[in-house]
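Subject: Structure handover

Hello,

Here is the structure you asked about. Please open it first, then read my notes below.

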Amino acid sequence: MLVRDRWHTGFVDALGAGGLLGQVEGRTAADALAWLSTTPLTWRKNIRHVAIDMSATYRAAIRTGLPNAVIGVDHFHVVQLANKMLSMLRSAPPPRPAAGANGPRTRSGRPGVGCSATEKTSATSSSRRCGTRC
């Protein structure tokens, strides 16, 4: 029986010819640091740049295990997040106009017609909404 666990961490040489450098089960900082500790110290000191997804866990592991490396986010995850945000904006309902932007509104949201019925019955009241004497 084939069992797949999608919670693995892969270490890849993205710029050189190294390909897949290592893979560990788990996605915690401890898992990444455990793998890094198996590599030679001189190799770790020569790593200048690291591209990760936007995981705070991986950022913490890199800052601890490779303190001199510059951390960047890989373009795949940046584009993925941008597409997700655009999809959310496209599917969101249009913004409602601010109160009074298109004149007074009734409780049902329909445009009002000036003063309310109670304001019309009082000869001395003035409507704050329409600014005129009813």
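How many helices and strands make up the secondary structure of the protein chain? There are 5 helices and 4 strands. Helices are DSSP runs of H or I with at least four residues, strands are runs of E with at least two, and both are numbered from the N terminus. Starting at the N terminus, the order is β-β-α-α-β-α-β-α-α.

A word on the source. This is a predicted model: local features need pLDDT of at least 70, side-chain atom pairs count only at pLDDT 80 or more, and totals for chains, interfaces and linings use all residues. Residues are numbered from 1 along each chain as its sequence is written, and side-chain values use heavy atoms, with hydrogens and water left out.

**Core**

Of the 134 residues in the protein chain, 18% are buried. Buried means under 20% relative accessible area, exposed means over 50%, and partly exposed lies in between (1.4 Å probe, protein chains only). The largest nonpolar core has 13 residues. Such a core is a set of buried Ala, Val, Leu, Ile, Met, Phe, Trp, Tyr and Cys residues joined through side-chain atoms within 4.5 Å. Val50, Ile62, Leu66 and Ala69 have the most contacts inside it. At least two residues of this core come from each of α1 (29-36), β3 (49-52) and α3 (56-65). Beyond its neighbours within four places in sequence, leucine 66 is in contact (heavy atoms within 4.5 Å) with Leu36, Arg44, Ile47, Val50 and Ala61.

**Charges**

The structure holds 1 salt bridge, meaning a side-chain nitrogen of Lys or Arg within 4 Å of a carboxyl oxygen of Asp or Glu. Arginine 27 pairs with aspartate 53, with the closest N and O atoms 3.4 Å apart. The two sit 26 residues apart, arginine 27 in the loop between β2 (19-25) and α1, aspartate 53 in the loop between β3 and α3. Arginine 27 is partly exposed at 31%. Aspartate 53 is buried at 14%.

Aspartate 74 lies in the loop between β4 and α4. Aspartate 74 is buried but has no salt bridge. Its nearest side chain of opposite charge is arginine 27, 9.5 Å away. Leaving aside neighbours within four places in sequence, aspartate 74 contacts Ala51, Ile52 and Asp53.

**Surface**

Met54, Val73, Val78, Leu81, Met85 and Met88 make a nonpolar surface patch of about 510 Å². Patches take residues with over 30% relative accessible area and no salt bridge, joining like charges within 9 Å and nonpolar side chains (Val, Leu, Ile, Met, Phe, Trp, Tyr) within 5 Å. Areas come from the Shrake-Rupley method with a 1.4 Å probe; for residues, only the protein chains shown count as cover. Helix α4 (residues 75-91) gives the largest share, 4 residues.

Best wishes

Key: Lys and Arg count as positive and Asp and Glu as negative; His and the chain ends are not counted.
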